[in-house]
Amino acid sequence: MPEDDPDSLRLARSSSGERMEVLTELVDEYSTTLESILAILRSRSTDDEAARSVATSIAASGLVHLRTSSDRVRTSTEEPVTTAFERLREDLRPLVRYRDIDVQFVEPPEDGRPLPSEVAHGARAVVRGCVLALLDSSDVERVRVQWGCDGTNLLIDMRDDGRGDTSDDSTSVQSVGQRIHALGGRMTMTATPGWGTEIAIVIPLDPPHAPPGSAQAWDLRPRELEVLRSLASGRRNRDIAADLDISENTVKFHVANIYRKLGATSRTEATALFLRT
């Protein structure tokens with residue numbers, strides 16, 4: 001990566017990091033709202049009129065959160081692990097409120113290492129996704145959620161008391177796996193017939209070090225590097241097209257080439273690779 005203007009590069013990375021944090025927060029708020037609405041609509045213990053009323057209330061509350069999230073100014077890029085875990089409780093509460101299920105939380109140690117914001121947001125989304133996957137089995141009555149930390153990784157352990165027939169080939173589990181992979185983590189799922197399912201997740205607290213010269217190894221052309229920088233700063237395709245005085249279709253062509261050369265599948269992944277160099 002060119003080093004001709006390190007101050008500008010640091011500023012661009014800082015700005016893009018802030019934009020990515022706000023975007024992640026908005027996505028998490030949106031996901032929580034949708035998951036909560038689905039939970040009440042799927043509930044067998046609530047009639048249609050009551051379900052509509054509760055779903056409307058959840059949607060209205062979600063809109064308020066979404067509108068205010070973008071206005072919040074963060075003063076720290078880390079979150080105490082206990083605070084992150086408490087926010088997880090709040091996220092799961094509407095998700096399971098209308099299901100006859102007991103979610104048991106095992107608190108992380110208070111002196112645990114603070115979590116980078118990206119890890120905290122991602123971990124909560126991962127747990128929500130796992131809970132939804134486990135609840136696909138109608139006989140699940142209890143789910144246990146535990147967070148820990150070994151100083152280097154966030155350790156998540158989840159267990160249910162179902163039939164033990166949850167498959168790692170299911171769409172919901174694969175979606176969770178993709179999110180974990182994007183965070184540089186790994187997941188192990190063990191389903192024991194008659195005893196339930198256990199999911200163990202390890203998410204690193206620090207991003208892996210990129211090999212020296214990786215930007216050059218990508219063999220990006222000057223225009224592709226310009227587009228990648230714009231992607232990392234949170235610019236949309238049409239804005240990039242206007243900035244570079246090219247068509248939006250040309251931007252899409254460059255983005256496709258960037259994904260191929262970086263081995264990325266999304267803007268988030270491409271941005272993460274770029275910021276690690």
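**Exercises on a predicted model**

Histidine 254 is placed in helix α9, residues 248-262. Helices (H or I, at least four residues) and strands (E, at least two) are DSSP runs numbered from the N terminus. The structure is a predicted model, in which local features need pLDDT of at least 70 and side-chain atom pairs count only at pLDDT 80 or more, whereas totals for chains, interfaces and linings use all residues. Residues are numbered from 1 along each chain as its sequence is written, and side-chain values use heavy atoms, with hydrogens and water left out.

**Exercise 1. Determine whether histidine 254 is buried or exposed, and list what it touches.**

Step 1. Buried means under 20% relative accessible area, exposed over 50%, and partly exposed in between (1.4 Å probe, protein chains only).

Step 2. The relative accessibility of histidine 254 is 13%, so this residue counts as buried.

Step 3. Contact means heavy atoms within 4.5 Å. Leaving aside residues up to four places away in sequence, histidine 254 touches Arg223, Glu224, Val227 and Ile246.

**Exercise 2. Carry out the analysis for serine 230.**

Step 1. Serine 230 belongs to helix α7, residues 222-232.

Step 2. With 13% relative accessibility, serine 230 counts as buried.

Step 3. Its contacts, not counting residues up to four places away in sequence, are Arg235 and Ile240.

**Exercise 3. Identify the salt bridges of arginine 163 and the surroundings of the residues involved.**

Step 1. Side chains of opposite charge can pair when their charged atoms come close. A salt bridge is a side-chain nitrogen of Lys or Arg within 4 Å of a carboxyl oxygen of Asp or Glu.

Step 2. One partner of arginine 163 is aspartate 139, with the closest N and O atoms 3.6 Å apart. This pair links distant parts of the chain, 24 residues apart: arginine 163 is in the loop between β5 (153-160) and α5 (171-182), and aspartate 139 is in the loop between α4 (117-134) and β4 (142-149).

Step 3. Aspartate 165 also forms a salt bridge with arginine 163, at 2.9 Å between the closest N and O atoms.

Step 4. Arginine 163 has a relative accessible area of 43% and is therefore partly exposed. Aspartate 139, at 25%, counts as partly exposed, and aspartate 165, at 41%, is partly exposed.

Step 5. In the whole structure, a search finds 16 salt bridges. Glu79, Arg87, Asp91, Arg124 and Arg128 are linked in a network of such bridges.

**Exercise 4. Describe the packing of α4 and α5.**

Step 1. The two helices pack at an angle of about 165°, with axes 9 Å apart. Axes are lines fitted to C-alpha atoms, for helices over the stretch in contact, and angles run from 0 to 180 degrees between N-to-C directions.

Step 2. This angle makes α4 roughly antiparallel to α5, a term for angles over 145 degrees.

Step 3. On the α4 side, the residues making the contact include His121, Gly122, Ala125 and Cys130; among those of α5 are Ser172, Val173, Val176 and Ile180.

Notes:
Parallel < 35°, antiparallel > 145°, perpendicular 65-115°, else oblique.
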